[in-house]
Amino acid sequence: MRFIGYDEKDAYFSSWVDAGYTVFKYCYTDDTERLIYECSDIFSVSFSMVLDEKVYLVVSKQADAYLQNYLIAINAEGTSSRQLFLSSKIPQVSFVEESFFAYYEKIEKDKIVSCIDRIRIDTFKQMNIDTQECKVSDTGTLKGDYLLYCGGLNDGLYYQKLKLDNQQLEQSKVVALMYYDIKNDEALKVAETESIYIFLTGTKDYLILSEYIYNPPFYDTGKFIEIVNSEWRYMTIPDITAGEDILNVYYFDTEFLIISPNILYVFCPERKSYERIDIGNGIEEKTSSIQKYKSTVGYIRSNSSETTLVCLKLG
């Protein structure tokens, strides 16, 4: 069972059962569960969230050599869906400023086409932000441009554009950091580095990332960067290491919630201070993924005797 999200009235969960993929909601007031969605032919679910009493899913279904991806919205009136793009792998999807952003790739004979698309939540309209192509040699090396990881907070989207010259992906030393400004609908290069990032998100003024490290040392891979007049001011995020990378970040006006597999930090840029939050009370307890609702985050904490929705107010 996976925790999808919550609001004032309900908590939402999903699970894989013999019949396929299901979504149900639990009502706090009358202590009841109700199935709200069921599908038997879903291959994977790359994204799920709750917003304004709707559950949004991005799912993949098998379509010959590719995966056919769909955006699905579920509410009390029923279900609506939009057929999206074909991909060779499960896409990576994020939600920023009333739009979904999907990073995916298609393998076509001797080349890889990587894409980032924007899908508006109000119209389900899909538009391409960037597409790049690289050739694949007989030995598996790549030549050309390749897009990698995207994520953003509040006003835009960060992603990476790698230049490869008969190299393996991790050997690229020419990495352009791109920023897509949602309001102005334009992508600009903000920096060029020799590093690849396994996690990347932020605002126009702040950047949070986990470095992709494949040689020692494997520690201090998490960075918080303040951007002041094009100058980058680095701060190391405590206890972020290779294999224990940043999973997600939420932004609350003046604070960032930084989530890794074992650690939860609230970071205030003005005070330059981190507050560590322990979300478990012992080895016998299990905690779910962490979801955002308005100015709070919530997670499910359970043990052998009870299950509790825990909410933390931030900002």
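**Exercise 1. Find how far the sulfur of C134 is from the closest cysteine sulfur, and state what follows for a bond.**

Step 1. The sulfur of C134 lies 11 Å from the closest cysteine sulfur, which belongs to C115.
Step 2. A disulfide is a pair of cysteine sulfur atoms within 2.5 Å.
Step 3. C134 and C115 are therefore too far apart for a bond.
Step 4. Searching the whole structure gives zero disulfides.

This is a predicted model, where local features need pLDDT of at least 70 and side-chain atom pairs count only at pLDDT 80 or more, while totals for chains, interfaces and linings use all residues. Residues are numbered from 1 along each chain as its sequence is written, and side-chain values use heavy atoms, with hydrogens and water left out.

**Exercise 2. Decide whether C134 is buried or exposed, and do likewise for C39.**

Step 1. Take the cut-offs: buried is under 20% relative accessible area, exposed is over 50%, and partly exposed is in between (1.4 Å probe, protein chains only).
Step 2. C134 has 1% relative accessibility, so C134 is buried.
Step 3. C39 has a relative accessible area of 11%, so C39 is buried.
Step 4. Now take the whole protein: buried residues make up 49% of its 315 residues.

**Exercise 3. Describe strand β9 and its pairing with β10.**

Step 1. Count the elements: the protein has zero helices and 28 strands. These are DSSP runs numbered from the N terminus: helices are H or I with at least four residues, strands are E with at least two.
Step 2. β9 covers residues 92–96, and four of its five residues are buried, so the rest of the structure largely encloses β9.
Step 3. β9 pairs antiparallel with β10 (residues 99–108) over five bridges. Two strands pair if DSSP finds at least two bridges between them.
Step 4. Q92 is opposite Y103 of β10.
Step 5. Two residues separate the strands of this hairpin, and E97 has a positive phi near 50°.
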